[in-house]
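Subject: Structure handover

Hello,

Here is the structure we talked about. Please open it alongside this note, and my findings follow below.

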Amino acid sequence: MRLQEFWSRMEQQFGSMRSQSVVRDHSFGALGGRTASEAIEAGVPVRTVWLEICKEYDVPPKDR
């Protein structure tokens, strides 16, 4: 998954304002206690970050 696709999916799922907050403000235990933004910057694959967000926010499997 490319970063552009990640942001597109985030905005579709959460809206433009909330998606920014989810990525920057929420720490994910499965990502080492990092935010999604920090995890991506640290080299965690974008797809992995997306899937962890989906799990945490109960995104339906069909939208993952």
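A polar contact here is a pair of N or O atoms within 3.5 Å, where one must be able to donate a hydrogen and the other to accept it. Keep that in mind for Ser-19 below. One caution before the details: this is a predicted model.

Ser-19

Ser-19 sits in helix H2. Its side chain reaches the backbone oxygen of Gly-15 at 2.9 Å. Is Ser-19 buried or exposed? Ser-19 is buried, because its relative accessibility is 0% and the cut-off for buried is under 20%. Leaving out residues up to four places away in sequence, Ser-19 touches Trp-7, Met-10, Glu-11 and Phe-14.

Helices H1 and H2

H1 covers residues 3-14 and H2 covers residues 16-25. Their axes come within 7 Å and cross at roughly 115 degrees. The crossing is right-handed. From H1, the residues involved are Phe-6, Trp-7, Met-10, Glu-11 and Phe-14. From H2, they are Ser-16, Arg-18, Ser-19, Gln-20, Val-22 and Val-23. By type, the residues of this contact split into six nonpolar, three polar and two charged.

Aromatic pairs

How many aromatic pairs does a search of the whole structure find? The search finds three. One of them joins Phe-6 and Trp-7, edge-to-face, at 5.4 Å centre to centre with 75 degrees between the planes. Phe-6 is buried at 0% relative accessibility. Trp-7 is partly exposed at 24%.

Phe-14 and Tyr-57 also form an edge-to-face pair, with 5.4 Å centre to centre and 75 degrees between the planes. This pair links distant parts of the chain. Phe-14 is in helix H1, Tyr-57 is in the segment after H4, and they are 43 residues apart. Phe-14 is buried, with a relative accessible area of 13%. Tyr-57 counts as partly exposed, at 24% relative accessibility.

Phe-6, Trp-7 and Trp-50 form one aromatic cluster.

Asp-58

Last, a backbone point. Most residues other than glycine have a negative phi. Asp-58 is not a glycine, yet has a positive phi of about 50 degrees. Asp-58 lies in the segment after helix H4 (46-56). Asp-58 counts as exposed, because its relative accessible area is 64% and the cut-off for exposed is over 50%.

Best wishes

Definitions and conventions. Residues numbered from 1 in each chain as written. Predicted model: local features only at pLDDT ≥ 70, side-chain atom pairs only at ≥ 80, totals over all residues. Heavy atoms only, no water. Axes fitted to C-alpha atoms, helices over the stretch in contact; angles between N-to-C directions. Helix = DSSP H or I, 4+ residues; strand = E, 2+ residues; numbered from the N terminus. Left-handed = near helix turned anticlockwise from the far one by under 90°. Contact = heavy atoms within 4.5 Å. Nonpolar A, V, L, I, M, F, W, Y, C, P; charged D, E, K, R; others polar. Buried < 20%, exposed > 50% of the residue type's maximum accessible area, 1.4 Å probe, protein only. Phe/Tyr/Trp six-rings, centres within 6.5 Å; stacked < 30°, edge-to-face > 60°.
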